[in-house]
Structure formats: C-alpha cells, structure tokens
Amino acid sequence: MKARAYGAIFLFLAMTVLIYVLYNMEILEIPQGGGWGQLRHTMCGTLTPDPSARIQTPVFHSGNKSSLVKQFHQKVNTTVIIPRVSTDLNKSHGFCTFQPLSTEDAVEERLLLDSIAWPETPPLPAPVSLENTSDPAHSTFTILPRKGGGQWQVGDQLEVMIKISDLQGFPKKSGGDFLLARLHSLKLGAGVAGQVVDHLNGSYSAVFSLLWEGDAQVEVTLVHSSEAITVLRRLTREHPDRINFKSLFRSGSLSESSICNVCLRPTQQPLCNYTDLRTGEPWFCYKPKQLSCNARIDHAMGEHKQHLKEKEEKLFQSGVNTKVFIRASGPASVTVLPKKEGQPEVKSSNVTSGPSGYYYQDEWRALGSTTVHQFNTSAISQCLKGKVVHMFGDSTVRQFFEYLTKTLPDLKDFDLHSPQKAGPYMALDYANNIIVKYRFHGPPIRIVTVPNRELRYIANELDDITGGTNTVVVFGIWAHFGTFPMEVYIRRLQNIRRAVVRLLDRAPGTVVIIRTANPKDLPLLVSLSNSDWHSLQCNKVLRLMFKGLNVHLIDAWEMVLAHHLPHDLHPPPHVIKNMINVILSYICPQKGG
C-alpha cells in the first residue's frame, strides 16, 4: 500500500511539474551577469587599430580550417526574454553581444579585425571646427619621376605622392584619411584602380599599374577626412542601432508594431528571440504588449537617427570634403609607350600586389587566370543552357537577375506574387531549360516590407541546394550592414562560408561566385549608414575569409572605381554588363560571342 501511495504521489508531482513547464516554456528569465546580453565580449566595444595595418596586411588562410565543416547546432525557440539591465558601467555597449564563438572562429575574428584595423584618427573638439580638418582644396598630389629615368612604358608602376593639408593650408601630421585613386583615359575607354598607402604622417602614396599604351590621367579623391572617420567609428561603436527595424504583430483584429534589430538596448520590456535555429544568427524584437511573439508577420525598416554631435554634419559635405577630387601640383597625366624588350619594368616598393583587372575600350579585362569573354544574347543563352542559377543577396545582386530577364527574350518572369524589390523572383526559359532564381538575404533588410515567411538566411538556402555541374550560385551581402560593428558581418560570413564548404564537399562541380561591395554616391545619410569606408572593410574581410576556397570573385569595387561613370550603389547598365561577362566567363570559360 505504501508503495502505491508513494507512486501516486510521485506521479502527481511529475504531472504538476510538467504542466508548469509547458505553461511557462515561452518565458525565459536571464540571470544577472549572464545570458544573451552579457556573453563572450562586447561587440560594440572599441577596436584597437594597428598603426601599420594600412601598409602591411596580414593574410589569414581560412579554406582548410576544420571548423569550416562543423555544423552549428544550437536549439533556440522563439522565446520571450526578460532582460535585467546591468548596472556595470564598464559594459556601456554590452547590448550588442552574441553567442560565444568556437576557439577557431574567435581566433579568426581577432585576426580579421587586426588585418583591417584603421590608423588612429584624431579626437574632435566640441563643437567641431573645420579649421584643422583635412581639406581637399588645400591638398595636392604629384606624379613622381620614373625610377632610373626614361619614359613610362607598359608594365611599369606609376607612383604618386599625395600631401594632405587642413582648411588653413597647414600640412597634416597624421594619417587616417580615406582616399581613392584611379588612372584612366576617357578617349581609350581605359581605367584601373590605384592602391593607396598611408604613411601615417599626412602623406600618402598611390600606385598604378600601367596597362595600356597612350595617355593616362591620374585622379585622386578624398572620400572622408580622418576627422570624419573618427565620427563614423564612434557611431558604429555607440549607435549600431541608428537604423532600427520594425515588425507587425497580428492576431485576428488586434495588431501591434514593435522595434527589432540585431542589437536592442536593455529595457524592462521583454524581448522576442528570433535567433535562427540552424545558423544561430541573432534577431530580436521588443515583445508587443498584448500579442505573442508568434504573432509576428513581417519585417520592415524603421527610423534612421543620425546621432551626430554639434556641427559634425559639416564633416560630411558632398563637394566640399566628401568625395572631392584633389588637384595635381604639376602634370596630372603621363604618356605610356609600348614595352621594350630587354628593358626592366619599374616597380614600386610600397605595394606587393596589383589590381584584379582594368578597362580597355570599355571592356573589363581580368588580370589573372580568367579570360573575360564578351557574351551577346545568343552566347548567354548557350552558356546558361540546362543550368539552374541561384542568386542570393541584396539589391546589387538583384541587378544581375534584372539584367538577364531584360536581355534574354526567352527568359520569362514566373510571377510568384512577391513584394517588389524584395522577391523572391524566378525566371524560366523552357526552350533552353534555364532557371534563374533570386532571393534576398536574411535580416537586416532595409527595403520594402517583407513577409515573415520570406526571411531566409543565405547559409540555410545553400544547405538546401543539391548542387552539381549544372548549378550556379551567385551571392553578395554587404549593403545592409553599414551601421553594425564588423563582427556582425564576420559572423554572417562565417555561417555562409560553412554552407559553401558543405555545398562544394557534396557537389564539387557547383560554380560559386561572390560579388564584392562597390563605391557609391555619398550624401549625408548614406555616409552615416553605408559609407565607402565600411564597405572597404567588408571587402577586405570577404576576400580573406574565402581565400583558398574554390569560389570566384566579381571585384565590383575595382570595376566601379576604375570606370569613368559616377559611383552609385547600383552601378549603371554598362558596368553591370561587364560584371555579367565576368560571371559567364566563370561559368563557361571557353565560350563567348
């Protein structure tokens, strides 16, 4: 009898505990000193730059890391998180922290951050005064004479010395300005990007490979002063949420809107945790007052707050100190002669690598193992015949989908009733058995409202592709990450890279092509939320992370920089056509027409 009584009591207690757990399974209370907001390290904390990073860039090979093929398995439900606000004043930016990395990933992240570290930039007085800031109107560049004398010839490297001065005309004594340089000939339809080296004392070198005969004009641009970089660094460190996002929650006739982001500041308001089950990619919303976290139906961009201090906007004036040409102190052009046999080429000691390609007669020519063919309509169809092309990423990748559907008369859009700009899209050519698909990357997304069901992460989509010799993957992801610390971007790429490795392991014949970021027009809001400075760092990180893998790059950065047309987030059709030729040359290296 006692045994039966004890058994009944045990069963009653077990059922009570089970009912309590089921009832409260959606509520997760984070203990003080732990949990999502206080994990491994402060991702919005200050990075300590290496002063020599602009001259020597460490190379980190990621292709053979054992961690690449490890699946991230962390089970996370859509939960409500009740945060406790930390009283630790040393953790002022701790709201932007994430799951701890594996040892290998953490080491890689540190090496990547070191490799892109920007030189120290000066502190700013309050309010800001322009008198001591870098000023393109008082700065100059000078073409240095050819070493050893003689005339310039194809194969040489031309070197330019740039001197930066402030608004009063005094030479700057420190580095950290962001400069771009190109060599071009409008008459020849030629152009190549230059490599800029910061000597950390107010002077810079720009080095150009001489790749064509004839005239070549030097162009140097101050994109951002070192003082503007100081502001951008502060904004990224202190206000990664300066663009916020929102979601609509709905149940029957009741609806509520709530703020969402990768980083949400701690309040007493509970959080909905939408961390992706497969990748661990974090996303949170403040919980609506009346509705459940499961009632979320969409994603949209919210407010953009500048968070500038007094007069800091003066550091971002287009045509004054943002994206402004620097004048030459002497001749701004050279004449390049054909290469002479037996005469050694003149090389600069300031750089160890060259450009990825150049324009000649308005056609992009790659420097390396890939020959870029010119594809007409018929040749494009023949190249893509029997293939499935998967495109993932932001609107700069969507341009490729739009180009193909406009160019190929038999490639017809299949209406998926998708939101304009957001997709997903699909186009079919039945006669040639061609399928082209496009899908936006997962949050953050700064475009039109996107239904919740269409929020997909690239890594997950890649895992769902069988792959093979008739499969092409093209992706690019960068333009919507401009407000976040670089750690956010690195972690997204780590997930994508793991998926790429898995895809190439199961289907080695799959062609994987990655589009880099590109320079763009920089009105004030763009400078503050998607600056070329941030995009340049994204490019460096992406190149290092995919180095050694069997993937191909579309160097959109150099293809836009080297071209004579103005910079634009969405490059003009002629540049896109050249990018399409690069893509097709990777897919069909022996074809063209």
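The legends below describe close-up views of a predicted model.

Residues are numbered from 1 along each chain as its sequence is written, and side-chain values use heavy atoms, with hydrogens and water left out. Because the model is predicted, local features need pLDDT of at least 70 and side-chain atom pairs count only at pLDDT 80 or more, whereas totals for chains, interfaces and linings use all residues.

**View 1. The protein as a whole.** The protein has 11 helices and 26 strands, where helices (H or I, at least four residues) and strands (E, at least two) are DSSP runs numbered from the N terminus. Of its 593 residues, 54% are buried, a term that stands for under 20% relative accessible area, with exposed over 50% and partly exposed in between (1.4 Å probe, protein chains only). Among contacts (heavy atoms within 4.5 Å) between residues at least 6 apart in sequence, 79% join residues at least 24 apart.

**View 2. The largest nonpolar core.** This core has 52 residues, and those with the most contacts inside it are Leu462, Phe475, Tyr489, Leu493, Ile496, Val500 and Phe546; a nonpolar core is a set of buried Ala, Val, Leu, Ile, Met, Phe, Trp, Tyr and Cys residues joined through side-chain atoms within 4.5 Å. Several elements each supply at least two residues, including helix 6 (458-463), strand 25 (511-515) and helix 9 (532-545), while helix 7 gives the most, with 11 residues. Leu493 touches Ile477, Val541, Leu542, Met545 and Phe546, not counting residues up to four places away in sequence. Phe546 lies in the loop between helix 9 and strand 26 and is buried, with a relative accessible area of 4%. Phe546 and Val500 are 46 residues apart in sequence and 9.5 Å apart in space, C-alpha to C-alpha.

**View 3. Surroundings of Phe249.** Phe249, in strand 10, counts as buried because its relative accessibility is 0%. Leaving aside residues up to four places away in sequence, its contacts include Leu254, Tyr274, Cys285, Pro288 and Arg296. The charged end of Arg296 sits over the ring of Tyr274, 4.4 Å from its centre, the criterion being NZ of Lys or CZ of Arg within 6 Å of the ring centre and within 35 degrees of the ring normal.

**View 4. The hairpin of strand 17 and strand 18.** Four bridges join strand 17 (residues 357-360) to strand 18 (residues 363-366), and the two run antiparallel. Gly357 stands opposite Ala366 in strand 18. The hairpin has two residues between the strands, and Gln361 takes a positive phi near 55°.

Methods:
Pairing = 2+ DSSP bridges.
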